[in-house]
Amino acid sequence: MQRLIALYKRWCGQEPQEVEKLQGAGSNRSYYRMKGAKGKTVVGVVGTSRDEDHAFVYLANHFAKRQLPVPKVLAVDDDELRYIQEDLGSVSLFDAIRGGRDAGGRYNQKEKELLLRTIRELPNIQIRGARGLDWSNCYPQPEFDVDGVLFDLNYFKYCFLKPTDLDFHELKLEANFRLFAKDLTAEHIDSFLYRDFQARNIMLDENGNPYFIDFQGGRKGPFYYDLASFLWQASAKYPDKLRRQLIYEYYQSLSNYTEVPSKRHFVDRLSLFVLFRTLQVLGAYGFRGYFERKKHFIDSIPPAIQNLRELTGVSDSEMSPLTTNLLNQYPYMMEMLRRLTELPQFAEKEHPAVSRADGYKITDNNPYQAHPLDGPATFSKYDNKGPLVVRVFSFSYRKGIPDDESGNGGGYVFDCRSTHNPGRYEPYKKLTGLDEPVIRFLEDDGEILTFLDNVYKLADAHVARYIQRGFTNLMFSFGCTGGQHRSVYCAQHLAEYLNSRYGIEVRVCHREQNISQVLPRTEK
């Protein structure tokens, strides 16, 4: 962190007045919003892979020279593990179209227009961005190739397919996999394959214009991949009509940058990448869900299986040309995938919860089936009062647990004393969990991060339900020996996390330090 601040000072001439850690994404990079004297903000990035950071910096500079909508890199540290980039704000396309996604794919006109703008801009970075690009700077490989495809297909086989216990002939499947990989890489197209083109990686300016981020995994490859990745994102729930419209708009925009294949050829090629991308994400969901037990990925499996169901023709009354093409080319693989979608744990109309022998459970989004005699869905006198206000305390166990003033019972109390205590060491004895040296000590040690990760999971479930029911009060308290280091760090981080994630008002009280703060409610 200090080296990032030093980099900022070399670039700006003075240290930042404020540094705010941003919520992490799927990568292992850390992001910080850094504010200068005149209120101008930039984003500082701390990475763990020099090669990955080098790829991003090189690509960002290359795209900027071609006047593409990407963040400008403003400064890079000597070892390339830290850099400063333009701040594109906090509104992503994923956030902007949340309403349509939550409504099961019923996107309004404003949301559709944002999607159309984005899809029209994609060929710009794919085709113009590829011109003059030195592919050797790409990470982890310069080009989409057979080995990479087979790696992803085997990832699907070992991390998703095998844990389902579906019976299949491995040699026959392997033969179809190799043919599939050969077909996917048959066309050599000089375009930039973004690799992770999704709504979370698109930022919107105040006029709704898209800017692209997180392209450091890109490489030379076919443009169909990114279109399939974006439009068949499992959680997006794009209806077929909207999907067809976006494909048409992409095809028309692509023709402005390069010679396009015939529509029939385009659709045939796209179908291959839709299937490949679906298997690829199921492999990731299997690993993150089956093995790492992460709820987000478990929840993502049913919509991804539904995509696969449509591709194999299981859910179609009449088989689509796309499905017919795939069945003709890879008969064993497609038959095996069809049987996969019909397993009991993936059935469209299944018992609300199906438990596997290893404890893995798939639950649908509405496990409590309504019945006329059930009465109201909730029964508390606190229902529908809202809005929710969360109070977060740090305290010393020597002085007792904080009192609950809301009459709501006091909520959670977490004991931080199992983690490494910086108060045992002379340099930290006069500091608190709000001071940078203590923060660095705790985060470098790592125990507090594991502790908080489990707290976040409990807090997420509780806050989401309280918001849903319109409750007004929830309380979290963190205690340690003196109420100075570990409890202060945890209370502050949970408060900032909940305020940022849910936009709710959070009142922080570090009792033993006589410090109070209100994080105001924001619109989400």
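Residues count as buried when their relative accessible area is under 20%, as exposed when it is over 50% and as partly exposed in between, with a 1.4 Å probe and protein chains only. Helices (H or I, at least four residues) and strands (E, at least two) are DSSP runs numbered from the N terminus. The model is predicted, with local features needing pLDDT of at least 70, side-chain atom pairs counting only at pLDDT 80 or more, and totals for chains, interfaces and linings using all residues. Residue numbers run from 1 along each chain as its sequence is written, and side-chain values use heavy atoms, leaving out hydrogens and water.

Aromatic rings come next. Rings of Phe, Tyr and Trp (its six-membered ring) pair if their centres lie within 6.5 Å; planes under 30 degrees apart are stacked, over 60 edge-to-face and the rest tilted. This rule gives 38 aromatic pairs. The ring centres of Y456 and Y497 are 4.1 Å apart and the planes lie at 10°, so this pair is stacked. It links distant parts of the chain, with Y456 in helix 15 (residues 447–469) and Y497 in helix 16 (residues 486–502), 41 residues apart. Both Y456 and Y497 are buried.
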